[in-house]
Amino acid sequence: MQYSCVGTFTHTIDKKNRVFIPSKIREVLGDNFYITRKPKGYLTIYSEEGWSQYVEKIQSLPESVAAPLQDFLIGGAQRCTTDSSGRIVLENRLVEHAKLTKNVVFVGHGNQVRVWSEENWIV
């Protein structure tokens with residue numbers, strides 16, 4: 001499935017690392033999706049299909065290039081399913097990586113959604 005995530009949405013993260021995934025983003029991502037960290041201090045969300053394609057690209061690289069990417073991106077990923085309220089619980093390492101404290105900004109980037117702390121969001 002080809003999808004396109006657009007728009008910017010801000011929601012809060014609570015003390016239990018629960019955050020609401022905007023309904024327009026959930027409509028595009030589907031019931032299950034993956035979230036991983038990126039080196040520049042944000043997180044990225046992929047649909048299941050988008051994640052599979054992403055992993056295939058990484059695994060097609062030479063081992064010397066692929067291994068560190070696999071450790072950081074694939075090893076640091078979390079498979080997510082929203083609860084009945086449209087929330088997910090983020091793992092601590094993802095929250096810490098993106099420095100998510102209060103307001104979380106979801107930014108549509110076509111085939112992915114970037115997740116920033118409001119303080120670090122680069123406009």
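## Before we start

The model is predicted, so local features need pLDDT of at least 70 and side-chain atom pairs count only at pLDDT 80 or more, while totals for chains, interfaces and linings use all residues. Residues are numbered from 1 along each chain as its sequence is written, and side-chain values use heavy atoms, with hydrogens and water left out.

## Two nonpolar cores

Let's begin on the inside. A nonpolar core is a set of buried Ala, Val, Leu, Ile, Met, Phe, Trp, Tyr and Cys residues joined through side-chain atoms within 4.5 Å. Buried means under 20% relative accessible area, exposed means over 50%, and partly exposed lies in between (1.4 Å probe, protein chains only). The largest core has 23 residues, and Ile35, Leu43, Ile45, Leu90, Leu100 and Phe106 are the ones that touch the most other members. At least two residues of this core come from each of α1 (23-29), β3 (32-38), β4 (42-47), α4 (92-98), β7 (103-108) and β8 (113-117). These labels are DSSP runs numbered from the N terminus: helices (H or I) have at least four residues and strands (E) at least two. There is also a second, separate core of eight residues, with Trp51, Tyr54, Ile58 and Ala77 among them.

Along the chain, Leu90 and Arg79 are 11 residues apart, and their C-alpha atoms are separated by 9.7 Å.

## A group of aromatic rings

A pair of aromatic rings is described by the distance of the centres and the angle of the planes. Here, rings of Phe, Tyr and Trp (its six-membered ring) pair if their centres lie within 6.5 Å; planes under 30 degrees apart count as stacked, over 60 as edge-to-face and the rest as tilted. The whole structure has five aromatic pairs. One of them joins Tyr34 and Trp51, which are stacked, with 5.2 Å from centre to centre and 10 degrees between the planes. This pair links distant parts of the chain, since Tyr34 is in strand β3 and Trp51 in helix α2 (residues 48-59), 17 residues apart. Tyr34 and Trp51 are both buried.

Trp51 also pairs with Tyr46, this time in a tilted arrangement with 5.9 Å between the centres and 50 degrees between the planes. Tyr46 is buried because its relative accessible area is 3%, and Trp51 is buried because its value is 8%. Together, Tyr34, Tyr46, Trp51 and Tyr54 form one aromatic cluster.

## Salt bridges

Side chains of opposite charge can pair when their charged atoms come close. In a salt bridge, a side-chain nitrogen of Lys or Arg is within 4 Å of a carboxyl oxygen of Asp or Glu, and this structure holds four. One of them joins Asp14 and Arg18 at 2.6 Å, N to O. Asp14 is partly exposed at 28% relative accessible area, as is Arg18 at 25%.

Glu48 and Arg79 form another salt bridge, with their closest N and O atoms 3.0 Å apart. This pair links distant parts of the chain: Glu48 is in helix α2 and Arg79 in strand β5 (residues 78-81), 31 residues apart. Glu48 is partly exposed at 33%, and Arg79 is partly exposed at 46%. Arg87 and Asp83 also make a salt bridge, where the closest N and O atoms are 3.1 Å apart.

## Two positive phi values

Most residues other than glycine have a negative phi, and most peptide bonds are trans. Asn17 has a positive phi near 65 degrees. This residue is in the loop between β1 (8-12) and β2 (18-20), and Asn17 counts as buried because its relative accessibility is 11%.

Lys99, also not a glycine, has a positive phi of about 55 degrees. Its place is the loop between α4 and β7, and Lys99 counts as exposed because its relative accessibility is 53%.
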